[in-house]
Amino acid sequence: MTSATTTQIPGYVVGTWDIDASHSTVGFSVRHMMVSKVRGYFREFSGEIITAADPAESTVVATVNMDSIDTRQEQRDAHIRSADFFDVGNHTEMTFRSTSVRTDGADWTVEGDLTIKGATLPVTLELELNGFGPDAYGGTRAGFSAKTEISRKAYGVDIDMPMDGGGVVVGDKISVELEIEAVLRTA
């Protein structure tokens, strides 16, 4: 990427950003009972984004507290925290560390390593740059949307709960959706 790429990103700001968890969402959905999807999110997470002069050299590191899962049903959340699923007693965090940022015209991707339950696998996030601009407090904010799909079984979340008549209670494919607002650090 050249400096011309930077000018194609309106308002692009180079710097180090902290994810504002109160204005961001780390969400997911999974097929349930073969007929619908259950959606959930994590209430506690943090991260650092570094936007480089060459956007392709930008990086992101993020950590999610696995105990903060919320699917709007406490009994289900407790089961997901158990050894059947996330085994939160032994694996308290999910982490993501980027390995590359790429663009193909207006389409951006962030590749990185996602660690869940002790297993680290590469993932590719489809990234949307939502913008950069001032906030009401004299600071600068940036917004990003991203999505990917992962296999829960690949991460050792491999409980099988078959249904009478075929199918499973919980699907293998997890859709991950991120809405991230970040605040530029000041000296």
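A: Let us begin with a term that will be needed later: a residue is called buried when its relative accessible area is under 20%. Please keep in mind throughout that this is a predicted model.

Q: What is the mean pLDDT of the protein, and over which residues is the pLDDT below 50?

A: The general idea is that where pLDDT is low, the predicted coordinates should not be read in detail. In this protein the mean pLDDT is 88, and 86% of the residues reach 70 or more. Over residues 1-7, however, the pLDDT is below 50, and this stretch has 10 contacts in the model beyond near neighbours in sequence.

Q: How many aromatic pairs does a search of the whole structure find?

A: In general, a pair of aromatic rings is described by the distance of the centres and the angle of the planes. The search of this whole structure finds 5 aromatic pairs. One of them is formed by phenylalanine 42 and phenylalanine 86, a tilted pair with 6.3 Å from centre to centre and 40° between the planes. This pair links distant parts of the chain, 44 residues apart, since phenylalanine 42 belongs to strand β3 and phenylalanine 86 to the loop between α2 and β7.

Q: Why does phenylalanine 86 count as buried?

A: Phenylalanine 86 has a relative accessible area of 15%, and because buried means under 20%, the residue falls in that class.

Q: Why is the pair of phenylalanine 132 and phenylalanine 144 edge-to-face?

A: The planes of these two rings stand at 90°, with the centres 6.1 Å apart, so the pair is edge-to-face, given that angles over 60 degrees are classed in this way. Because phenylalanine 132 lies in strand β9 and phenylalanine 144 in strand β10, the pair ties together parts that are 12 residues apart in sequence. Both of these phenylalanines are buried, and together with Tyr12 and Trp17 they form one aromatic cluster.

Q: Which strands pair with β4?

A: Strand β1 pairs with β4 in the antiparallel sense over 4 bridges, and tryptophan 17 has isoleucine 49 of β4 as its bridge partner. Strand β5 also pairs with β4 in the antiparallel sense, over 6 bridges, and there valine 64 is the bridge partner of phenylalanine 45.

Terms used:
Residues are numbered from 1 along each chain as its sequence is written. This is a predicted model: local features need pLDDT of at least 70, side-chain atom pairs count only at pLDDT 80 or more; totals for chains, interfaces and linings use all residues. Side-chain values use heavy atoms; hydrogens and water are left out. pLDDT is the predictor's confidence in each residue, from 0 to 100. Contact means heavy atoms within 4.5 Å. Rings of Phe, Tyr and Trp (its six-membered ring) pair if their centres lie within 6.5 Å; planes under 30 degrees apart count as stacked, over 60 as edge-to-face and the rest as tilted. Helices (H or I, at least four residues) and strands (E, at least two) are DSSP runs, numbered from the N terminus. Buried means under 20% relative accessible area, exposed over 50%, partly exposed in between (1.4 Å probe, protein chains only). Two strands pair if DSSP finds at least two bridges between them.
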